[in-house]
Each structure stands twice: as C-alpha cells, then as structure tokens.
Amino acid sequence: MCGFYLSFLSIPKKHQSRLCNILLVALAKTIDIAKYGIDAVQRVIVTKLQTIYDNGVAINSPGEYVGLVRPKLFQVTGDNLGLHLMLGFVCGFTANYPCRACKCHRVDCQTQEIEDTRLLRTKENLAQDIEVDDISQTGVARNSILNDLSYFHVVDNVAFDIMHDLPEGVLPMEVKLVLKALIDAKMFSLLELNSRISSFSYGFTDKQNCPSQFTVHGLSNPKGSSGQTAAQMQCLFLYLPLIIGDKVERDSSHWELLLILMDIYKLIVAPSITVQATFFLKAIIQDHHYMFKELFPEIPLLPKHHHLIHYPRVIRLLGPLTQYSCMRFEGKHKPLKRFARNANNFIRIDRTVAKMHQVAQSQDFLIQQNVEQRGVTIHNQAVVPVTVLANAEDICALLGCPIDSDIIVVNIVDANGYKFKRSTGVLTCWNEEYPEFGEIQDIVIVNSTIKFIVKPWKTLHFDRHYHSYAVTKTPDAAIIVKSTEDIGDHRPVHAVESFDMNDSNLYVPVRFQLS
C-alpha cells in the first residue's frame, strides 16, 4: 500500500512528530498506482486541497483566534523514488539528469562539491524541458498534476528527506567503508567490533534501536544493504566513536572522514540553525566530498551525496529539515501495515485499512485533548510527603512549597514520544561554551505541570575523537528544576564510559549540534 499523510508546520516542532498529529490523506494499492498512474490518486488530493484553500476553514477558538484560515500545501516529501514520481521527474538515479533540484549531469555529479546556482531548476526551464519531452536530455518525465494547485509549483518543492539521504543512504555506505579500512589497517578486528556493538550500553532510550552486527560480506559490499533500520543506523552512528574509538589512532584520515560526516549530520538534524552555520555546513560538505574521493577513489559518489550540496541553501529557505523528515511518516504507516495483515481482506484492503485508521484517529479527537496534553503520558504516580525526597529543603525552596506538604511523585513520564524516569540523563541547556547535562533525581507534578528534579553534571570539554562531551558527576552540585518544555533536548541523553581503561570520564554524545 502507498500512503499519503500530512503534518502541520504551524504546531510546535516537538509535537509534529507525534503520530496522533499526523493525519492520513489517502491510501492506494501499489498495483493500482502502477496500472492507473500516480496522478489518478494525486488528482483527487489536488482537488480537495484547492477546495480547502478556496473556501477556507472556519476556526472558532475564543481567546485565541476566530476567523477563516486558508491551509496551503507547502512541501511534499517522501523517499526519493516516490518524490520523483509525484513531482514528475525521472524515476531512475542512473539517468543523465538524476537530480530534481538542478540540471547537473550524472558525470558532473561525481566531481561537484558545491552547488552551482546556474543549474538550478526554475519554472521557466522546467516548462522548456516538458516541451522537449525527452527524459535523457532533461530528467523531466511529465508535468506533475501538483502544478494545477493555484499556489504551488514543483520547482518550489525543495525539501530533501534526511532519513532516506543519510541514515538509509550516505551513512551506512561510509560507515562500512571506514570500518573496513580500519579493520584492514589492523586497528581492531571484526570480531572485536561486533562484540562491542552487542555489549555496549545504549541506555534507556536507545536500547530498542540496538544496531545489528556486521558481516564480512556486508563490509565488503558498501552499497549493499546495511542490515540496519534507519533508527538502528542513527543509534550506531551516534555511539560508534565510543564503541570503537579508543582503538583508532587519533590521526587516522579515515576516522576524520567519519567525524566530518558527523559534523554534517548533527548540523542538518539540529532543531535550529543560524544562517552563518549554513555556510559553514556548505564548507564542510565540500571538505567531506573532496576527502571521500581522495580516500576512496574507486567508489563513485551516490546521488544522495549530490543531494547534500543543496542542503545549505534549502535550510536557508525552509528552516531545519527535521520537520520534513519521513521518519515519523514511516512510523505512522507501520500500524496501518499491521491493520492490513490482520484484516484478512484481499480485495479492498486499502479501504478497510483506511476505515480502521479513521476509527482509531476519531477516538483521539473525541478525547478532546489539546496538542500539549496529547504529548504527555504519566505512569505510576503517588502522593508522598516532600520530606521523603532527597534534598527536600532545596526542592521546597525551588518549587515554593512548605516542607510539611505532600507532593505527587511520578515513576515514568512519556513526553513527546520519549520516556523519562529517575536516573535518566537530560540536556538541561545550551550555554555559549558547552551544553549542560544532568541526571533526573525525581519527577514531580506541581500545579498540573511536570517538573524534573535534576542533579547537574559538570561538562569538562568536547572530545572530537569520540564526538562527545566529557562530563563528570558532581554529588555536591545544587539541584535544579526543569519542566519538559525547559530542557535543551526533548529526548533523554546517555552518559557512558570509554573502553579506554585509563580514561575515567563519562561521555555524552549529543544528537545534534547547535551553532
């Protein structure tokens, strides 16, 4: 089945990824799309979108907004093949002109390290290419029906999908190439690598995404399947420097290539990025491509490598690209595939699954929770005297409650799709020099608001070789109070020890880098 979904950019980013805030637009069997064409489905969607825009939607929210809004389709995202199909570009990445953003020939894509703005697709040259009607000369297959929308044109659809370009594209290939080069250099063995992958502490949050082990055949076939899901590859990439970095020489050029790729990735997935940082991103992408060709001259760059050179400009146009990622749309599609397996319907399975989904979605709407409430679930709460908590006097001073009062203590909180409990690490804030981290001591509810009682850690320095921040726990540090809205990352962090027996520091790898 092929699913079409929509999300709202007008709600806070941390809530956009909640599955209940992603809506189903249409379902179609792939066999029907192959027979009738993608435009048969898109025509229905385009008609509905234009009607909604023309008529508007009445909003009656006293105290907030009362009036008419006209929703617009802003960007279409998806895997690269599906996106080319929807937008009318060639559905083959060995074509002469495989890029939907520019008219760079596939031969030139192998040498291009920075974006050439003279080659960007425009409404004018796209119209000419449609008129030529020759895929081999233009890379354009047809005029997409999406252009029938009065306010939309496919050349303005510049979003790239991080998930398919990086965790399912560039990252697995380069990780395998670098690991094989390091193994060939006798820095460690495949057996040792796999042993550490299986025994590494991934923490409370990432343990469900533990990466799979590598095989000799897999490492020898860099363009083959990585054996990892996108979530597993993200987890492996985050912790790989700590898993095996102590075995790698600090002046290794292959390791430096991987670290530069980490710099690129953590800037791209950052929730916010400055304009200046996009030009830095452009420079390190250029450095990365040049270094990759120097180290692996026999390996051609992927079309997804070419996509990266467009990222800095696209980020300046659209903002952080995480809000356009397919990762959560894939998560939304997963239960629908489960519905399909359980439905025992082999004729109108798309209609059956759509109905089952809409029933479940309606239940969420009938609960009538707002976006903030839908993002938080509390597990195992109890009312206890404040005095039973560690640092009770400090807690009372920070929360403004008397020492002889009772307080609601929570065991686990599911906030914005991530679980927090006692001893969970959190990124408390980003300061000018280093991010600050801490460990949750208790979780309490005060005036219907969840509060984390946090014992801060001391950030020592950034260790580039491990691509992590070295921290130490400080038992005498004064506790602080943070809400789920105040922490620097809505996901927990995990502090781990290096395998180096002479290193007593704890290391925290961050999932993104603020600039």
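H164 is buried, at 10% relative accessible area (buried: under 20%; exposed: over 50%; partly exposed: in between; 1.4 Å probe, protein chains only). H164 sits in helix 8, residues 162-184 (helices are DSSP runs of H or I, at least four residues; strands are runs of E, at least two; both are numbered from the N terminus). The side chain of H164 makes a polar contact of 2.3 Å with that of D161 (N or O atoms within 3.5 Å, one able to donate a hydrogen and the other to accept it; residues adjacent in sequence count only if both atoms are side-chain atoms).

The model is predicted: local features need pLDDT of at least 70, side-chain atom pairs count only at pLDDT 80 or more, and totals for chains, interfaces and linings use all residues. Residues are numbered from 1 along each chain as its sequence is written, and side-chain values use heavy atoms, without hydrogens and water.

**Salt bridges**

Side chains of opposite charge can pair when their charged atoms come close. The count is 19 salt bridges (a Lys or Arg side-chain nitrogen within 4 Å of an Asp or Glu carboxyl oxygen). Three of them are listed here.

| Pair | N to O distance |
|---|---|
| K123 and D156 | 4.0 Å |
| D184 and K180 | 3.0 Å |
| R464 and D263 | 2.8 Å |

R464 lies in the loop between strand 10 (449-463) and strand 11 (468-473), and D263 in helix 13 (residues 253-268), so the pair ties together parts 201 residues apart in sequence. R464 is partly exposed at 29% relative accessibility. D263 is buried at 18%. D184 and K180 are four residues apart in helix 8, about one helical turn. E192, R196, D246 and K247 form a network of salt bridges.
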